[in-house]
Amino acid sequence: MVPSRIPEEHPPGPPAEAITAVALAKARAVARGLPGDRPALVLGADTEVVLGGQLMGKPEDAAAAVRMLGALRGRVHEVITGVAVVEVGPTEREVTTAVTTRVRMRAYSDEEILVYVETGEPLDKAGAYAVQGLGSRLVAEVDGCLSNVIGLPLSTTRRLLARWGVGSPKLG
C-alpha cells in the first residue's frame with residue numbers, strides 16, 4: 001500500500017461525485033509516482049459518512065467524535081465509498097464508481113457514546129465509528145454492502161479490477 005499523501009478535500013457537488021473525485025485524485029497521485037515503463041494498476045478509495053446530504057468527515061478530536069455520534073444516534077445515514085482504478089502504462093485508462101450503503105444507528109445513550117469515544121477507536125474514522133470494531137455495538141442495521149462501510153466495497157472492487165483481467169474466477 002502506497003499512501004497518496006493528498007489532502008482529503010472534497011469538491012463541491014453531490015456527495016457521491018465529490019467522494020469519487022477524491023478517490024480518483026488519490027489513485028492519480030500514486031500513479032504519477034510509478035515508472036511509466038511497466039504497466040500497473042493503482043486503486044484509490046475514499047469513504048465518507050453522509051448525514052442529511054452533508055459529509056461528516058473524521059473527527060478532529062474526542063469532542064467532535066461525541067458530537068458526530070450524537071448526530072447519528074437513532075438515525076439512518078449513508079456510507080459512500082468512491083473507488084477509482086488508474087492504469088499506468090500505454091493506455092492510461094481510468095474507471096470510477098461509487099457504492100452507497102444505508103446504516104441505521106441504535107438509540108444509544110450519552111454514556112455509551114462517551115465510553116466508546118474513550119476507547120480511541122472513533123478518532124480516525126469517518127463518522128466517528130468503526131462497524132468492524134467496537135462501533136458495531138452502536139449500529140442497528142446495515143442495508144447494503146458491509147465491506148463498503150468498513151472502507152472498501154469488495155465485490156465492486158473485484159468487478160472493476162476484472163476489467164483488466166485481475167482476479168481469478170475460481171472459487172476453490
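The model is predicted: local features need pLDDT of at least 70, side-chain atom pairs count only at pLDDT 80 or more, and totals for chains, interfaces and linings use all residues. Residues are numbered from 1 along each chain as its sequence is written, and side-chain values use heavy atoms, without hydrogens and water.

Strands are DSSP runs of type E with at least two residues, numbered from the N terminus. Two of them pair if DSSP finds at least two bridges between them. An open sheet is formed by five strands with antiparallel pairing, in the order S2-S1-S3-S4-S5. S2 and S5 (139-143) are at the edges with a single partner strand each, so one side of each has no neighbour in the sheet.

S1 and S2 form a hairpin with two residues between them, and Gly 52 in the turn has a positive phi of about 60 degrees. The pairings of S1 are as follows.

| Pair | Sense | Bridges |
|---|---|---|
| S1 and S3 (residues 76-88) | antiparallel | eleven bridges |
| S1 and S2 (residues 54-55) | antiparallel | two bridges |

Leu 43 has Val 85 as its bridge partner in S3, and Glu 48 has Ile 80 in S3 as its partner. On the S2 side, Val 50 stands opposite Leu 55.

Gly 44 lies in S1 (residues 40-51). Gly 44 counts as buried because its relative accessibility is 4%, where buried means under 20% relative accessible area with a 1.4 Å probe and protein chains only. Leaving out residues up to four places away in sequence, Gly 44 touches Ala 23, Ala 27, Gly 82, Val 83 and Ala 84; contact means heavy atoms within 4.5 Å. Gly 44 and Pro 122 are 78 residues apart in sequence, and their C-alpha atoms are 22 Å apart.

Conventions:
Helix = DSSP H or I, 4+ residues; strand = E, 2+ residues; numbered from the N terminus. Buried < 20%, exposed > 50% of the residue type's maximum accessible area, 1.4 Å probe, protein only.
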